[in-house]
Amino acid sequence: MRNWTEGALALIIVVGLGVGLLLFSGQGIGDGATETTQGPIIIDTDAAARGAMEAEAQGCLQCHTTDGTLASGPSWKGLAGSVRPLTNGEEVVADDAYLFNSIVDPGNQIVDGYEDLMPKFYADQLNDDQITDLVEFIKSLAT
């Protein structure tokens, strides 16, 4: 560059192009900076099959649906990987840990729009493998 005005002009052009591309993309500055991204949901199909049987045996499907219809508990259809609004105003991602903890300590994070109705005895009644199988079944209903 021959002088400082050419440098300033080049900088203005570069910034202008950047702003133009940003506006063209439809996103504002900082959009998505706090979003939680989750990779593909990986499912153990054998565990999911055991979990489906466990859900039936434990009576889970009396309160939770698998097709998205409303019931006294949140539907499991599309639950895994989704963002869940809680009664305390927070939001959480329904990842493996959230799903597991929702079974063993269901009163800890109540989904907005629902009451604290889920029985608290599953932590004592089911072992970790059975709970993991239930989680895999719920994950299999993600799509």
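Modeller: A salt bridge is a side-chain nitrogen of Lys or Arg within 4 Å of a carboxyl oxygen of Asp or Glu, and the structure holds 4 of them. This is a predicted model, in which local features need pLDDT of at least 70 and side-chain atom pairs count only at pLDDT 80 or more, while totals for chains, interfaces and linings use all residues. Residues are numbered from 1 along each chain as its sequence is written, and side-chain values use heavy atoms, with hydrogens and water left out.

Colleague: Why is the pair R50 and D133 called a salt bridge?

Modeller: The N to O distance between their side chains is 3.0 Å, and the cut-off is 4 Å, so the pair qualifies.

Colleague: What makes D133 buried or exposed?

Modeller: Buried means under 20% relative accessible area, exposed over 50%, and partly exposed in between (1.4 Å probe, protein chains only). D133 has 11% relative accessibility, so D133 counts as buried, whereas R50, at 40%, counts as partly exposed.

Colleague: Which residues does W76 contact, leaving aside its neighbours within four places in sequence?

Modeller: Contact means heavy atoms within 4.5 Å, and with those neighbours left aside the partners of W76 include A55, C60, F137 and L141.
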